[in-house]
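Here is a quick tour of a protein model, written for someone who likes to know the cut-offs behind the words. Have a look at the fold and then read on.

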Amino acid sequence: MRKPQNLRKNLKRWSPLMKMQLVVGIFVCCGLMMFGNQAWAANDNAPEVSDEAAEQQQVTVEGTVTDANGNPLPGVNIVVQGTTTGTTTDMDGNYSIEVPSDATLVYSFVGYQEQTVQVNGREEINITMQQGAVEMKEVVAIGYGQVRREEVTSSVSSVSPEDMNIDPAASTDLTRVLQGKVAGLTITRTGGGNPNQSFEIRLRGTSSVSAGQEPLIVVDGVPGGSLNALNPEDIKSIDVLKGASAAAMYGTRGTNGVILVETKTGEEGEQKDFHVSYSGKMFTETVLRETQMLDAEGFRQLKQDLQAEHPDQAAAIIDRGHNTDWFDQIQRDYPMNYNQTLSIRGGGETTSYRLSGSYLQHDGMFINTGRQEYKVNLNLTQHALDDMLLFKAQIGTREVEAKPTDNYAYRMAMSFNPTAPAYMDGDPDKGLYQNWGGWNYQNPIGVLTDRTDRDKSSRYYTRFTGQFMPNDAWTFKTQVGYDMDRGLDGYYEPMDSYDQINNGTYGHASRNAHRDVTRTLESTIDWDKDIGDHSLNVIGGYSYQKFVADGFWANNTNFISDEFKYYNIGAGEYLDEGRAGMDSWKNESKLVGFFARGIYDWNDKYYVSASVRREGSSKFGSENKWGTFPAVSVGWTITNEPFAEGLGWLDYLKLRAGYGKTGNQDINPYIPLVRLAPGGYFYYNGEFTRSYNPVSNANPNLKWETKHEYDIGLDWEVLDGRLGGTIDYYTRRTEDLLHNYDVPVPPNLYGTTFANVGTMENNGIEFSINSTPVQQQDLQWNLNFNVSYRTQELVTLSNERFSLEWQNAGWLSAPGVQTWTHRYGEGMDMGNFHGWVFEGISEEGEWQFKDLDEDGDIDADDKKVIGNGIPDYYANLNTTLNYKNWQFTVMARGQFGHEILNAKELYYENRKLLPKNLLADYNKKLWEEPKYSDYYLEPGDWVKIDNISLGYNVPFNDNSLMKNLRLSLSVRNAFVFTKSEVNDPEVSIGGLEPGVTGRWDYPSVRTWTLGIQAQF
């Protein structure tokens, strides 16, 4: 494997897009654009030199090299054509070189198109470099090392800093940065606009029934990191290992793919300058699509309409004489939020540092909800012994104080009588209006305001790296990591809250504490050698991780005062009466691995990579704690063959193929053991004694789920790099699926056993195109598109010992429905909806369903597969238009070929639920309690214009204190196109019950962001 030249210097392709708040932005913009334009004009007034004089003079040429966004490019090579005379740009993109006045300068930089410029006696030449559509010369992380892009033999996708920075609205969350950037990677925020909701991440679909499905996160070489703990502006690069032939280096943790994250460090080398960067964003939110319920007039009209035929229902509807929009009562109008980041970096010949800190204030759309978040990250780098020794340290923390959202408030806002007042007699000083005694029927304002709910969490991480390189061939490296995530939650309902009065109690408090600690040791030996046309890299290593989690919770009721809330939890009467609740827990597991990999390259034409990992986990049975995970992949660069020389239109063509075996150990660490839990009391020897009952059976044969994956791909590039892309086809077969099975008691101690039995198959195609349709001096248009198709089938769930034909999943609760929504089983696709087939509504207003078995009864035997909640197709488009200092970006995403269950319509269109409120477009024919069928399934196809942003880079002269200033305006979730009537068709597509909209989920939001980024 040929190592990239000048790796530490030439690959420092950071592009800081720094932002400030709106007020500062307007002030700075107005003032500095004036000076910037003066400097711009000055650059155009270059001195004229005659041709005769130019041929005889030496001139010193100075200038700045920037990318298409106006960001300075450090490490750009500048060479006098036909000579070895040259220089490189410094960290601000500046350069100076003495050359003949008639010389020609060649500007080159990794991943950018080479430019040739004639001096013609000029003393100042500023260059804007254009990025290549497919960066075949860049370096890609593949796990435990890096290779050149052309050496990659597996399915690996990269997200460049330019891709991360084009969306300022996304930069408050690193997970969202990846959204729409990688074919096969699906990221969904299932909680709508809830600021405390995490993302669902799936790479190439569902690969397990009972074990974890999230990809492994590796931060700076240490496995097990968290995307949420990182600031997007601290990120240097992200690489996604999709193919198992690459992910197998991580063994059991790589079965769902691997996301490799590298953070920015201080700039090493000769640059000693001190740099400060600031980013400020101000953003607000509006509801994307509001649920349309009956208003007060519509509710009164409904009462009149029911008088004749349904007088009892009409009598239950009480006109309280007011007109209340309950959504307006619980939602904020344009909440103003802020996200600010400050970073400093610098260093000398051998030492560098980078320190960053950020603060986020995000108030949710619901009143009394939101979060505050602080992040700090420090990276230190020290070289010694002429770069033979390298030490790195990373220390970081994230502190969060959240006000969680009780989505029950949204349910009440939909249900509560719109003619009722929000406050007694319409006066807030008299307190909330309540309908005392009603079940599941309380003022939605009180749900959010009459209780205290606070969640505090902290995450601390440290990573230390020591590396010794005695020569160009050998590298010895050791990394240690410590990651601790802890939380402390508090909840209190005061005496005058609805629930306490309704329950006849006076005050309820609870506390919940948890701590998760991961300790990591990774040690590797790397040997790299080039011999003529042959290149070989071999790496071997050892990995150790220990996971410890513990926690405690307690609750108590009936306090004499609300003053202490949850801070004096022992004072409640329930504790004295033996009715308080409490529990504590702890679990621990270990993962040990030995691994090796070899990469061979012959003449930049033929590539072979082979790896193996032997791994042991304490989570499995005594007979199967160890597993072996091999992988092999090959590559062939066809355009480097002699017979391809005549294909001038074809710039690059490479064929890849690979196989990898991975495992899954993301399960409860004590499942293979007999576990006991406290049960009831029995009378023995004159007193009552607590019993302990088994809650699991021993299974010493429990082992890994194993996934076998084959991948074949093609990388191509034409039109001098302006059009290129990749095509990948993969097939997966996951064997020994983990699942619970019913077993007889006795001889077993417990009624179910967790065992390895089933098989699942996944197949898919991924297609990506990167293009530059327009490329001119002042105008460039980049257009990137990716689409993927996938299928997921559960082949078997039974063997000679355990049998299971199918299993129901998902649940719709009362009122009315109370049934399963999904079914998975042998020979079925994952994600199937299972229910009745709708045939109509009778004249009496009753449901009519298809009698599939023709026995005259509508029962469970008449249910069938009625749809599927997992999309077949996924598409993403990213396009950027650069004109001089302006940049316009649009990102669109879509999912197709699936159905969505409209749970809101199922419950809230039915008049049987009166006197609770109904949807404005309620069903005027139906007069029977809700029942689940394909009537409530809607086409799930959707397209979102997910981000629209406009940015401007203010130009400056070389002597300005400010080096870079960018102003931006963006909108996220701008437009949604769908046939579905749900508020947001982007719902969960993972797990066993995909495609279901929440009955009272948090509304999705449209986000407007103003940003300013500055570098000094």
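This is a predicted model: local features need pLDDT of at least 70, side-chain atom pairs count only at pLDDT 80 or more; totals for chains, interfaces and linings use all residues.

## A four-stranded open sheet

Four strands make an open sheet in the order E3-E2-E5-E6, and the pairing is antiparallel. Strands here are DSSP runs of E with at least two residues, helices are runs of H or I with at least four, and both are numbered from the N terminus. Two strands count as paired if DSSP finds at least two bridges between them. At the edges sit strand E3 (86–88) and strand E6 (115–118), each pairing on one side only. On average, neighbouring strands of this sheet are turned by 20° against each other, direction ignored; axes are lines fitted to C-alpha atoms, with angles from 0 to 180 degrees between N-to-C directions, and helices are fitted over the stretch in contact.

Strand E2 (residues 77–80) and strand E5 (residues 104–108) run antiparallel and are joined by four bridges. Val79 has Val106 in E5 as its bridge partner.

## Where the numbers come from

Residues are numbered from 1 along each chain as its sequence is written, and side-chain values use heavy atoms, with hydrogens and water left out.

Most residues other than glycine have a negative phi, and most peptide bonds are trans. Val745 and Pro746 are joined by a cis peptide bond, with omega about -15°. Pro746 sits in the loop between strand E33 (723–742) and strand E34 (752–775). Another cis bond runs from Leu914 to Pro915, with omega near 15°, and Pro915 is in the loop between helix H14 (903–908) and strand E46 (937–939).

As for phi, Asn368 has a positive value near 60° without being a glycine; its place is the loop between strand E19 (351–363) and strand E20 (370–384). Asn368 is partly exposed, at 26% relative accessibility. For these labels, buried means under 20% relative accessible area, exposed over 50%, and partly exposed in between (1.4 Å probe, protein chains only). Asp387 also has a positive phi, about 70°, and lies in the loop between E20 and strand E21 (389–403). With a relative accessible area of 31%, Asp387 is partly exposed.

The structure holds 41 salt bridges, each being a side-chain nitrogen of Lys or Arg within 4 Å of a carboxyl oxygen of Asp or Glu. One of them pairs Arg148 with Glu151 at 3.4 Å, N to O, and both residues are buried.

Which residues does Arg204 form a salt bridge with? Asp711 is one, at 3.0 Å, N to O. That pair links distant parts of the chain, 507 residues apart: Arg204 is in the loop between strand E12 (200–203) and strand E13 (216–219), while Asp711 is in strand E32 (residues 705–718). Both Arg204 and Asp711 are buried.

Glu766 is another partner of Arg204, with the closest N and O atoms 2.9 Å apart. Here the two residues are 562 apart in the chain, and Glu766 belongs to strand E34. Arg204 has a relative accessible area of 0%, and Glu766 is buried at 2%. Through shared partners, salt bridges join Arg204, Lys242, Lys707, Glu709, Asp711, Arg732 and Glu766 into one network.
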